[in-house]
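Morning, everyone. I have one structure to walk through today. Let me put it on the screen.

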Amino acid sequence: MSVAKIIEISSSSTKGLEDAVKEGLKKTAKTVKHIKGAWVNDIKVLTDDKGAVTEWRVNMRVNFVIE
């Protein structure tokens, strides 16, 4: 039997949505072992005065197996 835990993290990137997710997971993996997946449950963007996207932000639920 295995037990999993879910944590919620926030991450951002000026490059794009995929980069925000990847960088958030990469940083989380430095302290959390056995990550099995993530659900992006919120997406937000920051814009400049002309409406161009300047930063992507995501909130994710990351699940991992407890040893």
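How exposed is Glu23? Glu23 is partly exposed, since its relative accessible area is 34%. Keep in mind that this is a predicted model.

Let me stay with Glu23 and its partner. Glu23 makes a salt bridge with Lys26. The closest N and O atoms there are 3.7 Å apart. The cut-off for a salt bridge is 4 Å, so this pair counts. Both residues belong to helix α1. They sit three residues apart, about one turn of the helix. Lys26 counts as exposed, at 52% relative accessibility. The cut-off for exposed is over 50%.

Next, another pair on that helix. Glu18 and Lys22 form a salt bridge, with 3.0 Å between the closest N and O atoms. Helix α1 covers residues 17-28. Glu18 and Lys22 are four residues apart in it, so about one helical turn separates them. Glu18 has 55% relative accessibility, so it counts as exposed.

How many salt bridges are there by this rule? The count is three. The one still to show joins the side chains of Arg57 and Glu55, at 2.7 Å from N to O. What about burial here? Glu55 is buried, with a relative accessible area of 18%. The cut-off for buried is under 20%. Arg57, by contrast, is partly exposed, with a relative accessible area of 34%.

Now the sheet. What is its strand order? The order is β1-β3-β2, in an open sheet of three strands. The pairing is antiparallel. Why does one side of β1 and of β2 lack a neighbour in the sheet? β1, residues 3-13, and β2, residues 35-47, stand at the edges. Each has a single partner strand, so one side of each is left without a neighbour in the sheet. From one strand to the next, the twist averages 15 degrees.

Take the pairings one at a time. β1 and β3 are joined by 11 bridges and run antiparallel. Strand β3 spans residues 53-66. Across this pairing, Glu8 stands opposite Arg61 in β3. Ser12 stands opposite Arg57 in β3.

Last stop, the surface. Which residues form a nonpolar patch there? Met1, Val3 and Ile66 do. Together they have about 380 Å² of accessible area. Val3 is found in strand β1. Val3 is partly exposed, with a relative accessible area of 42%. The patch cut-off is over 30% relative accessible area, so Val3 passes it.

A quick recap. The sheet is open, with three strands in the order β1-β3-β2. The salt bridges number three. The nonpolar patch on the surface is made of Met1, Val3 and Ile66. That's it from me.

Conventions: Residues numbered from 1 in each chain as written. Predicted model: local features only at pLDDT ≥ 70, side-chain atom pairs only at ≥ 80, totals over all residues. Heavy atoms only, no water. Pairing = 2+ DSSP bridges. Helix = DSSP H or I, 4+ residues; strand = E, 2+ residues; numbered from the N terminus. Axes fitted to C-alpha atoms, helices over the stretch in contact; angles between N-to-C directions. Patch = residues over 30% accessible without salt bridge, like charges linked within 9 Å, V, L, I, M, F, W, Y side chains within 5 Å. Areas by Shrake-Rupley, 256 points an atom, 1.4 Å probe, with all protein chains shown as cover. Buried < 20%, exposed > 50% of the residue type's maximum accessible area, 1.4 Å probe, protein only.
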